[in-house]
Amino acid sequence: MGKLFAAVVTVITLVSTGIFIMRVWWLPQIISAHGASIDRQIMETMIAAGVLFVSSQLLLSLFVWQSSDTSRQRKIKTFPGGATPMVIFAVVLVGLEVLAMTFVGSKVWASVYMTPPDPDSMVIDLQTGQFAFYFRYAGPDGKFGTLHPDKINEGNQNPYGLDPANDIASRDDIVVGTMTIPVNKPILLTMHSKDVTHSFYVPELRIQQDIVPGMLIPLHFTATKTGRFEIVCTQLCGLGHYNMRAFLEVVPQDQFDQWLKTQSQ
Amino acid sequence: MRTKYISMTALTLVAGASLVALAGQPPRPASGSISGKITYTGTPPKMKAIDMSKEPSCVKQHPTPVTTENVVTGKNNSIQYAVIYISSGDQGSTAPTKALKFDQKGCQYIPHVLAMQVGQAFQIINDDPTSHNIHPLAKVNPEWNKSQPPGTPPLNAQYPKAEFIPVKCNVHPWMHGYFIVLNTSHYAVSDDDGEFSIKDLPPGKYTVTAWHEQFGTQSQDVTVAGADAKGTNFVFKAVPY
């Protein structure tokens, strides 16, 4: 029985490793300037974790195989010094690995989060709420209107609570449910939530960012390929979470200008 | 104990006798009606296009993009979806037994405004291949919030008190409508030409009120003298913002 278990563990280990090596279910294409560095980091993490996973599983199989022979009165070997040094050894080993990955990975993280946005970035104000994403462009005047939470009315398509009657800057604000951006143009998203925590996730952009109520979260990126991509919420935000999604349209600059012009009318 | 029984029997007899007496009175003929048109002056706000892209099954149902319905205007400055009702002078009547229908189709509420009488039954139907979550934001009446996956039977509902209730869908934030629960059975909702007609009114003096979700309410006194009180028009002042 023990030998069969050892064999099953070995097979599971090899098959699951094979799935990764053959890239059966792999990451989608990259469409952002910083995407390749994220993938490199994912790869490093995967290799580090993979080596540990494979070696520990194979060792497990080996030990099970060796200990499966109950015919002889074998003395069970233990870790030198007993259980306590073994636990300390394991904690230090795993801790060192996690720390090492943190230091290596922080460089990539900082390159996305700690660098200032390009001064020529186009600002899009992103608001989440149960259960929709909304995107706001400043319009021809280049200024965003002030938000008035008491004026929020989604039925009238005023999810931001703009006050066009009194606030001139808000009159030309463009509020849409699909995020259209020009390709190769730096984008600065200012993200906020009107109710609970949501998450902005576009796998192709290699961006997944929580949006915490009460915080204004900036995030910048540049899309490098045109196409239509799905934006999904990845924080369980309530009953309609499954249906909380929007689309990202990356289009050539001239097409974007035309789109913006149409929206402004 | 016996005294109690006697007094209760006496009370029942008196109540019964009053009912018979009331029923004996000839009912007033209900032959008059009030009709007119709802229009605006000024510039109404521009309706915004609704982006339904997260629900492809609803996008498919609309060859041209749908816009918001908080101000729906027609020819000659007419306004649709205004509710016109007798706010004073009505004799009272029981609610009709026929259930009204409120449909969810193409991720829109049809009709946008559903007027009903207190206690009148209505059915909420999901005609979409997607889930809806109907949430009438009642304050006076009990508030509820129900999920309706595709293919589920209609939800039956009714409201015991008069109230103007905004309705929203928790899954599709652009879906927006109203339940207008009235104390009277004499009401109408203006059609796409802004016209309305309140029928079966006994002769008498009435106060007629027109309500619109964006433009507020207006009232006027109308006398019905057997025939149609035509030209009971309401003009709302529209502002672009």
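## Domains of chain A

Nine residues of domain 1 of chain A touch twelve residues of domain 2 of chain A; residues are in contact if their C-beta atoms, placed from the backbone, lie within 7 Å. On the domain 1 side, five of these residues are nonpolar, four are polar and none is charged. Nonpolar here covers Ala, Val, Leu, Ile, Met, Phe, Trp, Tyr, Cys and Pro; Asp, Glu, Lys and Arg count as charged, and the others, Gly among them, as polar.

Domain 1 of chain A spans 2-113 and domain 2 spans 122-264. These bounds come from an automatic or database domain assignment. Taken over C-alpha atoms, the domain centres are 39 Å apart.

## Model and numbering

This is a predicted model: local features need pLDDT of at least 70, side-chain atom pairs count only at pLDDT 80 or more, and totals for chains, interfaces and linings use all residues. Residues are numbered from 1 along each chain as its sequence is written, while chains are lettered from A and ligands numbered from 1 in the order in which they are written.

## Contact between the chains

Chain A gives 20 residues to the contact and chain B gives 16 residues. Strand β10 (residues 245-251) of chain A supplies the largest share of the chain A side, three residues. Strands (E, at least two residues) and helices (H or I, at least four) are DSSP runs, numbered from the N terminus. By class, the chain A side has nine nonpolar, nine polar and two charged residues.

## I30(A)

I30(A) sits in the loop between α1 (2-21) and α2 (35-67) of chain A. Beyond neighbours within four places in sequence, I30(A) contacts G35(A), A36(A), D39(A), E204(A) and R206(A). The C-alpha atoms of I30(A) and A223(A) are separated by 9.1 Å, although these residues are 193 residues apart along the chain.

The largest nonpolar core has 80 residues. Such a core is a set of buried Ala, Val, Leu, Ile, Met, Phe, Trp, Tyr and Cys residues joined through C-beta atoms within 7 Å. V83(B), I84(B), A115(B) and I180(B) have the most contacts inside this core.

Four strands of chain B form an open sheet, ordered β6-β5-β8-β11, with mixed pairing; strands pair if DSSP finds at least two bridges between them. β6 (108-110) and β11 (155-157) each have a single partner strand, so one side of each lacks a neighbour in the sheet. Three bridges join β5 (residues 100-105) to β6(B), and the two run antiparallel.

Technical notes: Two residues are in contact if their C-beta atoms, placed from the backbone, lie within 7 Å. A residue is buried if 20 or more other C-beta atoms lie within 10 Å of its own, exposed if 12 or fewer, and partly exposed in between; C-beta atoms are placed from the backbone.
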